Amino acid sequence: MNEIKLIGNILAEDNDSDEEQFRRFTKTKRHVLLNKDELDQLIERPTSAPSVYLPFPQVFWPEKEEEYSIPKATNDLAALSINEDPKPAQPSVYGPSLNLGAAEFVPGNFQVSMPPPKRSELADIRGRIAEMSREQAGSRYLQQKIETVLPEDKQLIFEEIYRAGFGLLVDVFGNYVVQKVLEYGNLEQRRSIANLMSGRVIELSTHMYGCRVVQKALEVVEIDQKRYLAHELRGHVEKCVEDQNANHVVQKCVEVLPYPYMSFIVDDLRMNTIYWAEHAYGCRVVQRIIEFCPKEAIMDMVNAIIRNAVDLSKKNYGNYVIQHILDKEQAPLKSQLIVSFLGRLYELSKHKFASNVIEKCLIVGNPEHIRAFAKELFAPEHVFELMTDKFANFVIQKALEVSRGEVQNQLILKVTEHSAALKTFPYGRHVLTCLEKVKKGISNQ
């Protein structure tokens, strides 16, 4: 059998001095392969530091197992270098005096290499972040990065965005990057950007892109800064409500601020409630007020809307305010509003906008409301005209769908009486289709 010599040939030349052998070894690997004779020669050598050796049982294991045994590898790295499990360990003939940690095994100039520090993801674009924010592709890239990068990279983006100043807040693409910084930045970064808006909230609110940044700031900054931003709207509420951009900022103030901090908005609008309820943008603000403000603070506005419910339901935008009350308000106010339409159903059902309100009443009303509405809608003098009207036919269909029990059976009979004539009218055929669906639903119950 060919013997495998020690790596570096430390033991190959007996005349070499220890210094020459060690110098030769420092150019080799630390892990070494030994045979039995070489181990015998190492027993008498002075030892100092710990080391690791690798037994290769498939090469060095003797024919007679009892002659000697090689201790099991002492770490995981050695274990991974063995192709098969070694024989069970036998008592070592070398005894505890064998120390494979002599200086030959540990070169003096050995150093542990450390991985290089992680490179910043944004290192290549440092100094150009504000410029990239104004470009569509660059803006999208930065928006994605802000969500995942390390805090130091977020700080880098924030610093360059902050230095760009007010112009980036109103930029077509840059405003989205500013919004992302507000959303994912830390408290100090948010406060700093909110401070950029100080004194210019009205200007930003009326801007197509700036209003979006103001809304995001109102969502995420601390309550004290929310209050200061909203305070700048004082004396300009009506101007902002009439503006196609700023009305969204007013709505956001109503949503996120406690009532004491935004009550000035309600005070400015309550004197002209009906005007704002009919307004293209004002109707949105009125709906937010109804939804988020304490009921006791806005009852005068709600009562004014209910008193004018019939007229508002005919308005292009006022009907949305009525439907919002039907959706959001509690039962007493809802019932009061529904009852106010009784006696006017024929007129309102044929109206383009009011018909939507009557449908909503049928959806949210209780059984008594549905019964009262059905009695008026299916009166013999009106029912056929309503079933063939381009708007009222939807009201008839909704009444068929939401009614139950005896009321529904009566409505089915009344529609069936006119089925032959309804086939000759396009809107009448829609009612007959609905009738078949209702009958099928009843049979499947």
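**Reading the fold**

Guide: Start with the secondary structure. The chain has 30 helices and zero strands. Keep in mind that this is a predicted model.

Visitor: How much of the chain is buried?

Guide: Of its 445 residues, 44% count as buried. The accessible surface comes to about 24100 Å², and 50% of that belongs to carbon and sulfur atoms.

Visitor: What share of the contacts joins residues at least 24 apart?

Guide: The share is 70%, counted among contacts between residues at least 6 apart in sequence.

Visitor: Where does UniProt place the feature "repeat: Pumilio"?

Guide: The unreviewed UniProt entry places it at residues 124-159, 195-231, 232-267, 268-303, 304-340 and 376-414. Take two of these spans. Residues 124-159 are 75% helix and 0% strand, with end C-alpha atoms 16 Å apart. Residues 268-303 are 78% helix and 0% strand, and there the end C-alpha atoms lie 17 Å apart.

Visitor: Now a single helix. Which residues of helix 22 are buried?

Guide: The general idea comes before the case. An α-helix has 3.6 residues a turn, so residues three or four places apart point the same way. Helix 22 covers residues 331-339, and its buried residues are Leu333, Lys334, Leu337 and Ile338. These residues lie on the same side of helix 22 because they cover an arc of only 135 degrees around the axis. Ala331 and Pro332, on the other side of helix 22, are exposed.

Visitor: What do the buried residues of helix 22 pack against?

Guide: They pack against helix 19 (295-307), helix 20 (309-313), helix 21 (318-328), helix 24 (354-364) and helix 25 (367-377).

Visitor: How do I describe one such pair?

Guide: Two packed helices are described by the angle between their axes and the distance between the axes. For helix 19 and helix 22, the angle is about 25 degrees and the axes are 10 Å apart. Helix 19 is therefore roughly parallel to helix 22. Met299, Val302 and Ile306 of helix 19 make the contact with Leu333, Gln336 and Leu337 of helix 22.

Visitor: Let me try a loop residue. Is Ile125 buried or exposed?

Guide: Ile125 sits in the loop between helix 4 (76-80) and helix 5 (129-133). Its relative accessible area is 10%, so Ile125 is buried; the cut-off is under 20%.

Visitor: Which residues is Ile125 in contact with, leaving aside its neighbours within four places in sequence?

Guide: Ile125 is in contact with Met132, Tyr141 and Leu142. Ile125 and Ile157 are 32 residues apart along the chain, and their C-alpha atoms are separated by 9.9 Å.

Methods. Residues are numbered from 1 along each chain as its sequence is written. This is a predicted model: local features need pLDDT of at least 70, side-chain atom pairs count only at pLDDT 80 or more; totals for chains, interfaces and linings use all residues. Side-chain values use heavy atoms; hydrogens and water are left out. Buried means under 20% relative accessible area, exposed over 50%, partly exposed in between (1.4 Å probe, protein chains only). Helices (H or I, at least four residues) and strands (E, at least two) are DSSP runs, numbered from the N terminus. The arc is that of the directions from the helix axis to the C-beta atoms. Contact means heavy atoms within 4.5 Å. Accessible areas come from the Shrake-Rupley method with a 1.4 Å probe; for residues, only the protein chains shown count as cover. UniProt positions are given in the numbering used here, feature names are shortened, and annotations may be inferred rather than shown by experiment. Axes are lines fitted to C-alpha atoms, for helices over the stretch in contact, and angles run from 0 to 180 degrees between N-to-C directions. Angles under 35 degrees count as roughly parallel, over 145 as roughly antiparallel, 65 to 115 as roughly perpendicular and the rest as oblique.
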